[in-house]
Structures are given as structure tokens and as C-alpha cells.
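Reader: Before we begin, could you take me through the terms slowly, setting each value against its definition?

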Amino acid sequence: MTTTRRPARGLVLAGAAGLVLALAACSEPERLELGAAAPLEATDPLGVDFAVLSVTESTAEESGLTGIFGTELNGNPWLVGYRLDITSGTREDFSWDAVTDLSNAAWTATTDKTDFQASGPGGSAASEIPCPEQGTEVVEPVLMYGCQVFVIPEGQQIQSITVEDVATWAVEE
């Protein structure tokens, strides 16, 4: 006669419930508040923090984006202000190759309907976009203030901003 041992039913149910809770916790990343900093991966001796500061709906005219993209915008531009702070090393240690990728492809805005990639113009045009932080004096440890652009269909509101491999910031309505 062979005897098979079965685990106690309560232990199996408790283990399954724990697994479900653990998976749920992993699937939703922590959302930071606007202004909270998250560290970028950086090459030693450099240390850099990154923070999304503001998320503002605009118009093509107000933002100065009329004609920059070469076509009519299919939605409203949303301006996302951010800041880079040096936490170790010096300005001379900084290069874009030394930190986490912050190109348009790394940025995602989430609305109640879908996700959108950033569509900010590159080069000198980016410095002309009027995020609230533009023109703020750069004082140590601030490395720079910047502005990213998302074109979001009318009627949708940005709920969060994610920068890949950095963090997600919640946007309050």
C-alpha cells in the first residue's frame, strides 16, 4: 500500500494568495510625486538624480510648436519639465553617454486610454519650449532644467510619466 502525503489545504491556499499578492506588487511600479528625484545609472565617479517637476497641457501656439513638427498637431502638446542634479562627481564628468538614456524613446505618458511616446523636438528647438522651469537659474547641484513634449489627443489627461529604467511619476488632476 502506497501512501501519498498531501499538503494541508490551508497552506496551499495561503501560498497561492501570497503569490498573487507578490505578483500584484511587482506589476505596478511605485509612482513618485512630481518633484521627487530618482537616481540615473551613471558611470563612476558621476552620480546624477532626475526629477519630473511639472506636467502642463498647452497649445501649439502657446508652446511655440506651430510648424516645428512639419504638420498640424493631432492633439494638444503637454509640456513636461524636468531637472538633472549632480549628486557626485563634477559637471566636467557629465556626458549624455555616461547616464541612463533620456531620449524620446525612453519617455512614456500614460492616459486613461493608452500610452504615448514623447515627441519633443531635438537640438536648439528644445530650449525654446516654455516649460515652467525654463529660465530658472541653474545653481549647484542642479546640472540643468529641461522640457519634454507629448502630443495627446484632445479630451485625454496624462495620469503618469515614465522614464524607462528610471521611475514613474504620478500626475495629479
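**Values and their definitions**

Author: Arginine 91 has a relative accessible area of 31%, and it is therefore called partly exposed, since buried means under 20% relative accessible area, exposed over 50%, and partly exposed in between (1.4 Å probe, protein chains only). This is a predicted model, in which local features need pLDDT of at least 70 and side-chain atom pairs count only at pLDDT 80 or more, while totals for chains, interfaces and linings use all residues. Residues are numbered from 1 along each chain as its sequence is written, and side-chain values use heavy atoms, with hydrogens and water left out.

Reader: Why is glutamate 140 called exposed?

Author: Glutamate 140 has a relative accessible area of 53%, and exposed means over 50%, so the term applies.

Reader: What makes the contact between glutamate 140 and arginine 91 a salt bridge?

Author: Their side chains come to 3.0 Å, N to O, and a salt bridge is a side-chain nitrogen of Lys or Arg within 4 Å of a carboxyl oxygen of Asp or Glu, so the pair qualifies. Because glutamate 140 lies in the loop between strand E6 (115-117) and strand E7 (142-152), and arginine 91 in the loop between strand E4 (76-88) and strand E5 (107-111), the pair ties together parts that are 49 residues apart in sequence; strands (E, at least two residues) are DSSP runs, numbered from the N terminus.

Reader: How many salt bridges does this rule give?

Author: The count comes to 2, including the one between aspartate 85 and arginine 83, whose closest N and O atoms are 3.0 Å apart.

Terms used:
Helices (H or I, at least four residues) and strands (E, at least two) are DSSP runs, numbered from the N terminus.
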